Amino acid sequence: MTEGHLLRISVNGRDHAQSVPPNLSLLDFLRDHLGLTGSKECCAVGECGACTVTVNGEIVNACLMLAVEADGADVVTAEAEDDAELKLVQDAFLETGSIQCGFCIPGMLMSARQLLREGQCDETAVREGLSGNLCRCGGYNRMFEAMRRAAQLRDAETEKSDPSPKMVGASAVRSGGRERADGSQKFLADIEIGNVAHLKLVTLPVARARIDAIDVDDAVGMPGVLDIVTAAELPQPIPRFGPVYRDRPVLADGETRFHGEPVAVVAAETKEAAESAAARVRVAYTELSAVCSIDDALAPDAPLVQEPQIRAGDPHARSNILNQRQTAWGTIEGADADLVVEGTYTFPMVTHFAIEPHGFIVDAQPDRLKIWSPVQHPFLLQKIMAELFDLPLSQVHVIAPDPGGAFGGKQNPKFEPLVALVSRRIGRPCRLVLTLEETFQAVRRTATRMRMRTGFTSSGDLVFQDIEADYLIGAYGDIAERVMAKGSYLGCGPYRTPNARINARAILSNTTPATAFRGFGTPQMSWAYESQMDKAARQLGIDGLQIRLRNLARKGDDVVKGDFPADGHWEQSLLKAADLLDWESELPPGRGRGIAVAIKAGATTGLSNSTIRLLADGSIFVYAGTSDMGQGARTIFAQLVADAFAAPMDRISVVMGDTSSVPFDLQTSASRSTVFMGNAISRACEDLHRQVAEMVADIHNVEVDSVVISNGNVHLPSGPLPIHEFIKAELGRWGGELIGTGRMRKPNVKDHPLGGTPAFFEFNCTAFEVSVDRDTGEIEICKHVTVGDVGKALNPLQVEMQDEGAAIMGLGHSIMEHLVLGEHGEIRNLGALDYRIPTTKDMPGSLKTGIVENEDGPGPYGSKGVSEGAILCTAPALAAAVAQATGAEICDLPLTPERVWRALNPPRPQPQV
């Protein structure tokens, strides 16, 4: 046993004296010994900043400092209650919409507090001072504003604003934002479960290998080890699961099929014991040939990623093609074009990099399962687990704490089945929290190669689009085949295309299984079709804005022949973006501008239910199965209810994330929550209005039909009264409550390629102005503009913060992000040290968002879904600006300085000898 060290330390003004081991980090001491979970663990290498605290007044990454090094120190964390500067930045972050998922926020606020203390609140200082804190939600632009506001509040230059009006259309402060700011929000890793065992995965350093033997002798007897489970200890055949294809084994079955696939799992009393034992498990393996690229997977002699019997009855079972789709109308061969442009475009593998690594807790009994998982689709997880363990749905209880970022990566089950099996074996709750590196190995975006031929008239009108798209989806199906289908279906973009042919394939490979990622296949396709538009514009001598205006579908026009038509005046977004960028102004020397558009199909099918309880004191419970992962769904739902009952938002509680208490919602994806759950909530409000009218009729002896309810007020003989006040006065005498229910259902459409038509299109226009350093290839982004067609902005601040976040995430995959594979198919840039995402220092010189509102959507008040639009066409708009600035046409992402430099400096032909 490691000898302890008596640590004397002051934390947030309270003195502590505890014996700690010498290898304990300050972060683990704060979290595990003091229960201060506001400091988060993400990267464990001091790069993400989620664990930021101050020690004796200096900023410190708590994951890198030993607890014993803080002996005698004064430590401040985000939980400090009486810290004036911390309170100021918390308030400023809340008021400016800087808080989305919230996982990074406690650490970010500690850095912001330090800047405020030092008087460094101008944007230049903030860009530098917050650059060590990563926000994957992309809220940096709001944070610049927050720091300006914090300085004003400190210097008494402005009065603290009253809370925003609590009605639809106002920028109400985020519900749950305070908890995210002060560190009290409990994410998965912060949840304490009694008698829990800790799990650690055992993996191999190669993509594909035959497992010859697993030796656990050195590990099984280590102190604290409870069990070591391999495939041999599991039910046979190995249980398999998946949201579409039941093809993924809970542990590698005979061989691994991607780098990071677990071959064993250790259960121990502590996470340290589990990690130590996992390091001593010896795996004898034989490396096998792996297919890690599209060409390798499609080669005639390519080894199969999946055994044919796994895909019994599948005509593609003896190939690495999981599925293929074709969409076509008109005639390509007979189409007469004056200009045909061709191109091949590649979009690499990128990772979600949610600042909260994936985590799972399961308490499995023989007749029931209780699961804690930050999953986006709690009811889908419930269904898959019930089927896998042969249990009724009622015996599978899923608790889904708010995810600390998800972006599609937490849509579907990953390790919940494995954790449940181990829990059943040892008879105790089990907990598995992945490292950031392990999370990289669990989820990614599909890599895509697109070959395009596009025909135009000499005046710039589209004649045809001919597209081949190959999506590299990884070792198992997950939801990636749906990504291929939905992304490619709109492969012609938001344009009137008389003739089209789109062939798409989902291709298996020995790589991390791909899954949903913000944009769901659209960023890949828009990279190709928008690059083609710019190539044609350059060759025809037409302005990039004008060629798009010329071909853009107008409201009611087909975008896919015979399907759901254009549902907005999209040209308004294009013109607004051009105006915000000053498109027509003289271009400064050495700069270039680019503009691009894209559409994504919203949800095509689904069912959302809501229940609302109107209590006797006028307070309200709203029950919704939606997951709030940073998009602010709670706030929108509370605003809808506040409007419906003329109630203050602090009287409204929104309950989410528990399958035992909230009614069914299909999923949280496709920007569907405002439309689907929003409509369900509005209809539940209407149900309650009917019941209130019946109460009024009974009390005042009038006909129900004569009772008028409008703007949240019930109109009584004495005058209008807010419904929540009426209930408090009348129902309060009796006790009890009123319960309203509502639902929105969009049924499947037989034979439709996507299962149904889109409920709406998410349309976006993005534009850039850039300069490029020709000596280094570095791109300086001077202006970045994004405009979305939102129907109605129910909360303009949240729309802006979502658009800005998506824009910065899009900037990441456009200029820096890509997974690099080694010769063994292994990911070489795992984790925060070697995989870059944007920081405050990568922000554009100017980032502007615009909103187009015509109240023409299917959601409440004419709203449409938002939050993905600004990521859809970032890359092609940026590439167009780079091309104008330099003349270099680049077809492969990301646009790294090296890639840009090489495009500007092609190899010179060698002289003939």
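This is a predicted model: local features need pLDDT of at least 70, side-chain atom pairs count only at pLDDT 80 or more; totals for chains, interfaces and linings use all residues.
Local features need pLDDT of at least 70, side-chain atom pairs count only at pLDDT 80 or more, and totals for chains, interfaces and linings use all residues. Residues are numbered from 1 along each chain as its sequence is written, and side-chain values use heavy atoms, with hydrogens and water left out.

**Exercise 1.** Work out how the axes of helix 14 and helix 21 cross.

Start with the two stretches: helix 14 covers residues 522-540 and helix 21 covers residues 874-886. (Helices are DSSP runs of H or I, at least four residues, numbered from the N terminus.) Their axes come within 8 Å and cross at roughly 30 degrees. Axes here are lines fitted to C-alpha atoms over the stretch in contact, with angles from 0 to 180 degrees between N-to-C directions. That makes the pair roughly parallel, a label for angles under 35 degrees.

**Exercise 2.** Decide whether His 198 is buried or exposed, and find what it touches.

Next, its relative accessible area is 18%, so His 198 is buried (under 20%; exposed is over 50%, partly exposed in between, with a 1.4 Å probe and protein chains only). Finally, leaving out residues up to four places away in sequence, His 198 touches several residues, including Glu 269, Lys 271 and Arg 431. Contact means heavy atoms within 4.5 Å.

**Exercise 3.** Describe the setting of Val 173.

Look in the loop between helix 5 (140-154) and helix 6 (177-182). Val 173 is partly exposed, at 30% relative accessibility. Then check Met 649: the two C-alpha atoms are separated by 9.9 Å, though the residues are 476 apart along the chain.

Terms used: Angles under 35 degrees count as roughly parallel, over 145 as roughly antiparallel, 65 to 115 as roughly perpendicular and the rest as oblique.
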